[in-house]
Amino acid sequence: MAETREVETSNSGKPEGEAITDPKSKAALVVISLGADRASQIYKYLNEEDIEELTYEVAKLGKTSNSQVEATLDEFYKLCLTHKMMTDGGLEYARNVLEKAFGESTARNLLEKVSKTLQSKPFNFFMKGDPKALLSLLQNERPQVIALIMAYMEPQQAAQVLEQLPDEKRIQTVESMARMDRVSPEAIAIVEEEMKRKFATIITSEDNMNLGGVDYVADMMNHIDRSSERKIFEELDKRNPDLSQSIREKMFVFENILDMDDRSVQRFVRECDTKDVVYALKSASEEMRAIFFNNMSKRMADSVRGDLEITTNVRLKDAEEAQQRIVNIIRKLEEQGEVIIKKGGDDDNILI
């Protein structure tokens, strides 16, 4: 457990040494213990009502002893650990590990608390499911239903499910998800009721949720393999060109390298495997090749040119996979603030 410190605010709080039992006070204590910088990151994920309530709790917490801080942070750590084990390994795995680590009684209490948290999210059953297994359950559902369920998934998981859907249903699902905005609790309840006999779970939603939309589809498409991405956009271009363009404008794909500044290209090229560069450039335009060659060291450029001449019979699939690996490197550097990219349709460079 990390070293704790005494926390004090303006008002009188719990008497020193008395255990803090109120969940709201515990949340406030965790936030205070994190410090202003880290706490501000948490606030980004809260709605206005939660921010107001949490800020009120922080303000009234008062003087807190080291023992109270340590006990609260210890509980918070165990809950986070339990949540991860249940999400990644399942209930039985979490129970076995927790009982060995903390004893049967503590394990039972942790599992009960985390189970309530997990059950508060609609369609939680799908969150840890294998994409292929989910496909067998979803493929006969209406595109609108699939889109609603996928909107609760992480983009990468949703992308894996989308790749496996039949072409026609895949396009309809993308369209349904892109048109989705705010979904009422009543609509979610109807879908959950329909799924009850199949998935054995009905979870109510108290607030309207921001689901789907073009931004979500773009994020999901960024995780799809290049071949599926191309097929989806080819069909969308025919059916709904405006939507297709809107999604493209939110994405970063291999072709967007043409819009990057030289310094950023030089940065990501240093991270690329030479073989990936060769394969990626086999199907690339002369303009794209020039961008790479102009931003490589002379030694690397000579090596890549030589390999391009002698490398033959490269499958389109292999070239696209190499391009995707390069794009993944760029996204990672993007998140670290080391490159500047300009996504399609943006007027300004985005520094991330």
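**View 1. Arg-289 lies in helix α17 of this predicted model.** Helices (H or I, at least four residues) and strands (E, at least two) are DSSP runs numbered from the N terminus. Arg-289 is buried but has no salt bridge. Buried means under 20% relative accessible area, exposed over 50%, and partly exposed in between (1.4 Å probe, protein chains only). A salt bridge is a side-chain nitrogen of Lys or Arg within 4 Å of a carboxyl oxygen of Asp or Glu. The nearest side chain of opposite charge to Arg-289 is Glu-286, 4.2 Å away; Lys and Arg count as positive, Asp and Glu as negative, and His and the chain ends are not counted. Not counting residues up to four places away in sequence, Arg-289 touches Leu-281, Lys-282, Ala-284 and Leu-308, where contact means heavy atoms within 4.5 Å. Helix α17 (residues 286-294) has the highest confidence in the protein chain, at 95, on the pLDDT scale, the predictor's confidence in each residue from 0 to 100.

Residues are numbered from 1 along each chain as its sequence is written, and side-chain values use heavy atoms, with hydrogens and water left out. In this predicted model, local features need pLDDT of at least 70 and side-chain atom pairs count only at pLDDT 80 or more, whereas totals for chains, interfaces and linings use all residues.

**View 2. The largest nonpolar core has 36 residues.** Such a core is a set of buried Ala, Val, Leu, Ile, Met, Phe, Trp, Tyr and Cys residues joined through side-chain atoms within 4.5 Å. Helices α8 (143-150), α9 (155-164), α10 (167-179), α11 (185-199), α12 (213-221), α13 (226-239) and α14 (241-250) each give two or more residues to this core. The largest share, six residues, comes from α8. Met-150, Met-220 and Ile-247 have the most contacts inside the core. Beyond its neighbours within four places in sequence, Ile-247 contacts Val-174, Val-214, Val-217, Ala-218, Met-221, Phe-233 and Leu-236. A second, separate core of 29 residues includes Phe-292, Val-304, Ile-326 and Val-327.

**View 3. Val-30 sits in helix α1 (residues 23-34).** Val-30 counts as buried because its relative accessibility is 8%. Residues up to four places away in sequence aside, Val-30 touches Thr-72, Leu-73 and Phe-76.

**View 4. Lys-78 and Asp-74 form a salt bridge, with the closest N and O atoms 3.2 Å apart.** The two residues are separated by about one helical turn because they are four residues apart in helix α4 (residues 66-89). Lys-78 counts as buried, at 17% relative accessibility, and Asp-74 as partly exposed, at 27%.

**View 5. Glu-338 and Arg-267 meet in a salt bridge (2.7 Å, N to O).** This pair links distant parts of the chain, 71 residues apart: Glu-338 is in the loop between α19 (316-335) and β3 (340-341), and Arg-267 is in helix α15 (residues 262-269). Glu-338 is partly exposed at 36% relative accessibility, while Arg-267 is buried at 16%.

**View 6. Glu-168, Glu-175 and Arg-239 are linked in a network of salt bridges.** The count of salt bridges comes to 13.

**View 7. Residues 344-352 have pLDDT under 50 throughout.** The model has 24 contacts beyond four places in sequence for this segment. Strand β4 (residues 350-351) has the lowest confidence in the protein chain, at a mean of 34.
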